[in-house]
Structure formats: structure tokens, C-alpha cells
Amino acid sequence: MDKLNRFLMMLSMVALVLTSLVLTYSVVSRYFFHAPTDWQDEASVFMLVGVTFFCTAYVQYHRGHIGIEALAGLLPRRVNAVRLFFVDLVSMLFCAFFTWKSWLLFHEAWVDGQTTSSTFAPPLWIPYSMMAAGMTLLTLQILLQTLARLTNKPEHAA
Amino acid sequence: MSDLTLGALYGAVTLVVMFSGMPIAFALGVVATGFMYFFMPASSLDTITQNVYEEMASITLLSIPLFILKGAAIGKSPAGKDLYSAIHTWMHKVPGGLGIANVFACALFAAMAGSSPATCSAIGSAGIPEMRKRGYSPGFAAGIIAAGGTLGILLPPSITMILYAVAAEQSLGRLFLAGIGPGVLLVVLFAGYAVYRARKEYRMALDIYQKGGEKSAYLEDEHFTLSEKVEMLPRVLPFIILLIGVMVALYGGFATPSETAGLGALLALALLAVIYGVWKPKDLSPILGSSIKESTMLLLIIGMSLLYSYVMSYLHISQSAAAWVVGLHLSKWVLLAVILLMVIVFGFFLPPVSIILMTAPIILPPLREAGFDLIWFGIVMTVVMEMGLIHPPVGLNIFVIKNIAPDIPLKDVIWGVFPFLLLMVVAVLLLCVFPSIATGLPDMIMGAK
Amino acid sequence: QTALKISHQFPGGTLTEGDFRDRLTRMFAAEVEKRSKGALKFSIYPGSSLMKTNAQFSAMRKGALDLSLVPLSYAGGEVPEVNIGLMPGLVTSYDQAYGWKNAEVGKELARILYDKGIVMLSWIWQGGGMASRGKPVVDPDDAKGMKIRGGSREMDLMLKAAGAAVVTLPSNEIYAAMQTGAMEAALTSSTSLISFRLEEVSKALTTARAGSYWFMLEPLMMSRSVFDRLPKDQQQLLLTVGAELEAFALKSSKEDDQQVANVYQKTGSKVVDMNPAALKKWQDIAKTTAWKDYSEKSPSCANLLKLAEKTL
Ligand code: NA
Ligand code: NA
């Protein structure tokens with residue numbers, strides 16, 4: 001899991017730089033070669049959707065999705081532990097549900113051959129599959145963290 | 001159940017789930033899907049993923065990671081420190097010059113980065129130790145940086161303005177331009193206060209010394225030779241190139257805002273490579289990594305907030321809440337005051353991104369109805385949200401300061417920030433009396449709306 | 001009593017004032033409520049306040065949205081056949097456009113949509129033209145080298161073949177892009193030309209008053225799964241009221257074609273109409289580009305195009 005997360009992170013770094021290149025290229029191509037590109041926006045959207053979903057499990061691994069922690073200091077230690085367990089459990093259930101629906105969306109786009117309705121018209125299964133895969137990883141990540149809480153193991157050993 | 005009762009229930013459940021400490025992104029999703037399950041047709045649940053995707057698949061929103069990358073490229077490299085030192089070298093003779101230098105450095109950095117905490121940590125990590133070394137009281141030093149950092153979302157580019165532009169259907173280019181005047185106003189107010197406060201602290205230090213007390217660092221003379229000053233100049237040049245390059249691209253008709261984001265990020269990375277030799281994957285990966293982490297976190301919140309506002313709209317909560325506000329027949333300015341107060345209260349708990357996403361569907365219709373210019377309001381709301389960034393309990397910038405200078409007591413930080421909060425209130429009042437502080441520049445450059 | 005939701009992307013107004021597409025949904029709601037004696041009730045969500053524009057079609061198919069008034073071709077990625085709803089040069093006048101519903105092409109299109117889970121209630125067509133910050137674009141030659149936003153794949157294909165430099169950007173950036181010159185001309189409906197306030201940054205306008213290669217099908221549609229659940233008399237009522245409102249739509253579109261001319265004239269823009277010779281040239285370009293591209297998508301598309309050509 002850890003290795004996979006880091007690999008996806010690296011892939012995303014490349015995608016982020018590539019997106020800047022693509023957008024810059026579209027400006028250059030339009031002004032210096034009078035050849036406007038019509039694929040830059042969607043190519044960028046797809047790459048950045050990929051970046052977001054591929055890295056969301058990594059961010060969760062580092063507990064980087066921010067929340068309001070105002071209560072943490074006020075509650076007794078035992079109550080806090082129960083609270084955190086439930087927070088993880090409910091988050092995990094939600095993400096699992098979202099993952100399931102993402103795969104259904106992907107399946108529908110794949111079977112129907114859906115594309116975006118633009119001039120470039122790339123297939124929609126590309127971003128949908130990235131969303132579904134990313135959410136699957138996120139669900140697994142939270143599952144590991146929930147189990148870690150249950151067994152009282154230090155989180156990063158999971 | 002009436003729409004408003006349902007709305008109250010929705011609000012209450014949101015509050016409980018948010019305060020449980022669940023990450024904001026998941027909390028929004030959980031509340032939305034929960035209400036979908038209980039109050040909406042089962043088929044709604046089939047559309048949640050497509051709705052989230054449609055929200056995120058907007059090139060305007062997806063310029064956010066690129067603006068973050070540009071800020072990180074400068075903030076996480078020696079460039080930020082250089083910018084600060086150069087301004088300091090030139091400003092130190094002015095009374096309170098060090099404070100002014102910090103405000104200016106924050107402003108310049110803000111004009112390159114899209115978020116406030118980024119600005120805060122980039123300038124503060126060099127600025128706070130330097131100011132304290134020169135005798136500035138810790139609270140004052142922290143206050144300048146915390147407040148200066150908030151300029152990150154007012155001076156373009158700004159992540160919150162991107163979201164606002166999408167929510168209010170306003171031109172992002174125009175909104176960016178409208179932020180410049182108020183940004184300059186705040187810089188002037190902050191700098192003016194810095195001079196006043198530094199002189200006061202200087203006089204106190206002098207007083208103590210003359211009465212035989214210890215000699216504060218305030219009283220030490222600092223000197224830079226002309227050649228030292230000239231040497232610092234080329235270090236600022238890259239920033240000026242970056243700043244002007246991006247502005248020309250955007251307002252000269254060369255690039256759309258999202259293209260500008262890509263161009264700016266690439267230019268920032270190129271400057272790093274050429275000037276600081278930062279180009280190896282090993283050097284770049286912390287910069288790219290932190291940008292991705294921050295933007296993933298933000299974009300997930302943005303995506304899930306769509307579900308949240310979709311449910312609010314489907315169940316007629318936003319419409320009836322908006323209609324209720326309109327039905328109160330408040331006078332124009334009372335309405336504005338009430339709405340801004342609400343934004344301030346939200347600012348106690350939520351980051352600006354979530355405030356915009358969650359309140360826009362309710363507050364924008366009454367404001368439109370009352371005849372407010374939504375570009376102007378976007379700016380006023382931004383200044384008010386800046387206040388939320390530095391007031392307790394969860395001012396993001398205060399956390400950043402606690403990270404940079406852990407030894408400054410929280411009480412000092414809060415008191416140090418307080419005068420700047422008042423200055424922001426002054427800025428809001430000035431904006432209400434003279435709206436052209438915000439709208440003047442876009443009207444001049446892009447034609448009156 | 002059944003509560004139904006109508007979603008659209010246009011600015012919200014009232015029954016008597018504002019964007020005619022919003023007004024049409026309100027008139028539809030009021031009339032159906034009245035005639036069904038309150039058995040059918042509607043709430044209207046203007047300005048994409050319920051869901052994103054592009055999500056509406058799919059939501060209707062899934063039964064998550066009841067009704068929507070939306071450009072049909074927006075769903076082209078999902079159901080390729082619907083791209084015929086904005087095919088350059090295929091419809092050149094309102095007379096021809098409003099003939100579709102009862103012609104073979106209309107019946108076949110309605111059948112395909114019904115298969116995909118959509119019921120057509122009201123066939124609404126809009127004409128469009130081009131605003132430009134330089135000279136007016138009438139003849140294809142005028143478009144050479146110009147940076148133009150065509151707004152759809154099919155228009156872009158034709159404009160490209162005419163030698164234009166096609167730009168894509170989101171609609172909320174059109175005004176700014178025209179202002180700075182990142183874009184030199186925009187092709188869209190008369191109503192949108194007004195609501196985008198492009199007259200402030202334009203010097204010329206080509207209207208749809210004397211015909212256009214830009215006619216768009218923008219129907220009021222309903223989710224089939226919701227429609228099928230209603231009793232027969234209510235189904236008939238929805239279809240009847242939908243059909244009755246087509247006259248209002250036609251009148252309003254024509255008014256907007258004239259209104260946009262007035263608005264641009266007021267700011268000193270050069271306002272010109274399309275002429276038959278130029279229209280023919282655009283059509284010839286479209287045939288070898290957009291039409292060809294469309295009919296190659298599937299046999300069903302090719303057949304639909306063939307039926308549509310019969311109405312020319
Ligand atoms: Na900024
Ligand atoms: Na004009």
C-alpha cells in the first residue's frame with residue numbers, strides 16, 4: 001500500500017508538471033504558430049482529476065484531509081478514542097459507497113462508449129476509471145486505519 | 001416537514017458531523033448522502049459520482065493545483081528568503097522599515113501564490129526571527145506576518161476567488177483585478193501601523209536604556225553599503241519577471257486564466273532551475289509533493305461540496321433560506337452586515353474554501369436582488385474571510401505562526417494580530433463607502449460592467 | 001399529487017419577464033398545474049442551481065431529474081445521435097426547424113431519445129449568429145485567420161475548414177477573452193449574445209434574422225421513467241401543453257434575433273444579416289466536415305442525417 005501510494009504520488013508529480021507544459025504550449029502555439037489547440041483544457045482536466053484521486057489515499061495516509069479538531073482537547077482520552085474510531089468507520093463507509101458508484105459510472109461510460117461533448121471528445125471512461133481506482137485505494141487506506149484503531153496498533157505500522 | 005425546518009435539521013446535522021472531527025470533505029459527503037437516502041428518491045444516489053465529477057471537471061477549478069505549485073516553487077526555495085532580504089536591505093533606514101519590508105514581502109509573495117498560509121510561512125520563516133533579532137516584540141512580529149499573509153487570497157491569483165468566480169458566475173479576470181486596489185489599501189494600512197508601532201516600541205526601548213536599563217536591539221544601528229544594496233537587486237528581478245509575465249499574459253489577451261496558471265507554474269519552476277539550480281527530481285519532489293497534497297485536500301472538499309449544495313438545492317433548503325432572507329426586507333446595508341457577520345461566524349470554524357462553497361447558494365441571490373455588484377461583494381467577502389484566517393479559534397495563519405515560532409505564546413500572537421483585525425474592519429468600511437477601490441481598476445482596464 | 005422538478009441553466013426570472021427559456025418553463029408549470037387541477041406541481045431550478053448543466057440529461061435518463069430544458073447537443077458525448085440538434089447548415093430557417101417535429105427526422109429522433117429514457121415535450125429552436133470584435137463574419141472567407149469560439153464540435157469543424165483559428169474556453173470567460181482579444185469572435189444563440197453582454201466588446205454582429213447556419217434544438221424534455229409512471233391523461237396533458245408552448249418559443253426566438261440587433265446597434269456596432277449565397281458556402285463546407293464526421297459515427301447517425309436532409 002505504502003509503495004503503491006508513493007508510486008502514484010510520483011506519477012502525479014509528473015502529471016502536474018506535464019499539465020503546466022500543456023497549458024503553456026497551447027498559449028505558445030496559438031500566438032507564435034497561429035495554431036490554436038483544442039485539447040489542452042480537457043487533457044489538463046483529465047490529468048488533474050487523476051492527480052487528485054490518485055493521491056487522495058496518500059493524503060489520508062498522512063491524515064492530511066483537514067477537519068475541525070476543536071473538540072479533541074475538551075474530551076477525555078477514552079471518549080476521544082471512541083470518537084476517532086467512529087469518524088474513521090463512517091468515513092470508510094461513505095468512501096466505500098462512493099467507490100462502488102464510481103465503478104458503476106465507469107462501467108456505464110465504457111459500455112456506452114461515452115465521450116465528453118467537446119470538439120476533442122475524449123472517452124469518459126478515462127477520468128471515471130481514475131476516480132474509481134483512486135477512491136478504491138482511499139477506502140482501503142481508511143479501512144487499514146480503522147482496523148489499526150481497533151487493534152490499538154500504531155497507525156503507520158498498518 | 002417544512003423546507004426551513006428541514007434546512008435547520010440539515011444545518012444541525014452538518015454541525016454535529018463537522019465537530020466530530022471528520023475530515024471536511026468526508027463530512028460534506030456523509031451529510032449529503034445521508035439526506036439523499038432519507039429525503040430524496042433512490043435514483044439520486046445513482047448520480048452522486050457523476051455530479052462530483054462534473055463539478056471537478058472544470059478547467060477553472062483545476063487551475064488551483066497549478067497556482068499552488070507556483071506558490072510552493074517560490075515558498076519552498078531560497079527565493080522567498082531572498083525576496084525578503086532584498087526588500088529589507090532597501091527599507092531598513094525608514095523608521096519601522098523592517099515591519100514595512102515584511103508587509104511588502106508578504107504582498108509581493110501574495111501576488112504570486114494563491115493561498116494565505118503559503119504566504120505566511122514563506123515570508124514568516126525568515127521575517128519573524130529577523131524582526132525579533134532587531135528587538136520587535138514577538139506579538140507584533142507575529143501579527144505582521146499573520147496579517148500580511150492573509151493578502152494571499154486578496155491579491156491575485158487567489159484560490160478562494162476562483163471558487164467565488166465559479167459560484168457567482170463572474171469573470172475571474174475581473175475579480176482578480178478588483179482585488180488589487182483593496183490589497184494595496186491593506187498594505188498601506190498595515191505598513192502605516194507598522195511604522196507607528198515600531199516607533200512606539202523604539203521610544204520605549206530608548207526610555208528604558210536612558211534610565212539605565214538594558215539596551216534593546218532596536219537601538220543598534222544597521223548599515224548596508226550601496227554595493228550591498230545593488231547586489232540584492234538581481235535577486236528580486238525573477239519575481240518581477242514572473243509577476244509581469246503572468247499579468248501581461250492574462251490581461252494582454254494572450255492566455256485564459258487557466259492557461260495563465262500553467263504558464264505561471266512553469267515559469268516559476270524555470271526560474272528556480274536557472275537561478276537556484278533547483279531542477280533535479282530530488283530537489284523538486286518536496287515542492288511538487290506538498291503542492292499535490294494541498295490541492296488534493298482542497299479539490300476533494302470542492303468535489304464533495306457539490307453533493308452538499310446539490311442536496312440543499314434539491315430539498316429546496318437553499319432557495320427557501322434565500323427567500324427567507326429576502327423576505328425579511330432588510331435594508332441593503334443591514335442585509336450586507338448580517339451576511340458578513342455570518343461569514344465571520346463561519347470563519348470561526350471553517351477555511352475560506354468551505355465558507356464560499358457552503359454559503360454561496362444562500363447568500364448570493366439576496367445580494368443580487370438587493371442590487372449589490374457581485375464583483376465588489378466578492379472582494380468584501382474575501383477581506384472578511386481574511387479576518388477569519390487570523391482570528392481564533394481556528395485561524396489557519398495562527399497555526400502557521402505557531403509552527404514557525406513555537407516559542408511565542410498564543411496569547412501574544414492573538415494580541416499582536418488584534419490591531420490588524422481592526423485595520424481590516426476599516427478596510428471593509430472604506431470599501432463600502434468607496435466601492436471604486438475595488439471596481440475602479442477592472443472598470444478601467446476591462447471597461448465598465 | 002405529484003411534485004416535479006424542472007432544471008435549466010438560464011437566468012431565473014418570472015412568468016412574464018426575463019430569459020424566454022426560463023419563462024417557458026414557468027408558463028409550462030403554471031398551465032399544467034392549472035389544467036391538472038393541482039395534481040401535478042412543479043418547482044423550477046434556474047441557473048444550474050440544482051445541478052451542473054452537463055449532468056441534467058444523464059440525471060433525467062436515470063430518473064434522478066424529472067424535466068429539463070437544455071440544448072440537446074450537450075448530451076452528444078452520451079448519445080451521439082443528438083449532435084444533429086446543432087448541425088451547421090442543416091437547418092437554415094425557423095420554418096424548416098419547426099417542421100422537424102412532424103417530419104420523419106423528428107419522429108426518428110424522438111424514438112431514439114425515448115429508447116434512451118427521454119421524452120420530448122416541447123420542440124424549441126433558437127437561431128444564432130456571430131459577434132466579432134473586428135469586421136462582421138458573413139462569408140466563410142471573413143473567418144480566415146480569426147480566433148473564433150464555435151462552441152461545439154460540429155461548428156468548430158466547419159470553422160476550422162473555413163480557415164478560422166478555433167478557440168475553446170469556458171463560457172464564463174467569453175466576455176473577458178473578447179475584451180482582451182484572446183478571442184476575436186463568438187458564435188452562439190441570439191439570446192446568449194445578449195446575456196453575455198458581448199455588445200460592449202464587439203464591433204460587429206451577424207444576425208439570424210435572414211437565416212443562419214446556426215440553429216439549435218433546445219427542447220423541454222422529461223425523464224421517461226417518471227413520465228411512464230403518470231396516468232395516461234396526465235401524460236397527454238404534458239405533451240399538449242408542451243406542444244402549445246412551441247408557438248411562444250418561436251415568437252420569442254424571433255424577438256431575440258431582432259433584440260440582439262437592436263442592442264448591438266445601440267453601442268455602434270455594425271449589424272449585418274446572412275445572405276443566401278454566403279449561407280450556401282457555409283453549408284457546402286459543413287457537408288464535407290461536420291455532416292461527414294457525424295454520419296460516420298454510426299449507421300443510426302447516418303440515417304438521421306439523411307432524414308434531416310429531406311427537410312432542406
Ligand atoms: Na494571491
Ligand atoms: Na459594440
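Reader: How many residue pairs are in polar contact between chain A and chain B?

Author: Five residue pairs, both partners at pLDDT 80 or more. A polar contact here is a pair of N or O atoms within 3.5 Å, where within protein one must be able to donate a hydrogen and the other to accept it, and residues adjacent in sequence count only if both atoms are side-chain atoms. Keep in mind that this is a predicted model, where local features need pLDDT of at least 70, side-chain atom pairs count only at pLDDT 80 or more, and totals for chains, interfaces and linings use all residues. Residues are numbered from 1 along each chain as its sequence is written, chains are lettered from A in the order in which they are written, and side-chain values use heavy atoms, without hydrogens and water.

Reader: And which side chains meet in a salt bridge?

Author: Those of A:K101 and B:D46, at 2.7 Å from N to O. One salt bridge is the count between the two chains, A and B; the term means a side-chain nitrogen of Lys or Arg within 4 Å of a carboxyl oxygen of Asp or Glu.

Reader: How many residues does the contact take from each chain?

Author: Chain A brings 54 residues and chain B brings 53, with contact meaning heavy atoms within 4.5 Å. The area buried between chain A and chain B is about 4,700 Å², and carbon and sulfur atoms give 79% of that. Buried area is the accessible area (1.4 Å probe) that two parts lose on being put together, summed over both.

Reader: Switching topic: what volume does the largest cavity have?

Author: About 120 Å³. A cavity is a set of points on a 1 Å grid over the protein atoms alone where a 1.4 Å probe fits but cannot get out, a pocket is an open set with protein on both sides within 12 Å along at least five of seven lines, and lining residues have an atom within 4 Å of a point. Grid points are joined across faces, edges and corners, and a volume is the space filled by probe spheres set on the points.

Reader: Nice. Which residues lie nearest the centre of that largest cavity?

Author: B:K70, B:P156, B:P157, B:V246 and B:M247, out of 15 lining residues.

Reader: How about the second largest pocket, what space lies in there?

Author: About 1,200 Å³. Its lining has 47 residues, with B:P117, B:E294, B:M297, B:L396 and B:V400 nearest the centre of the second largest pocket.
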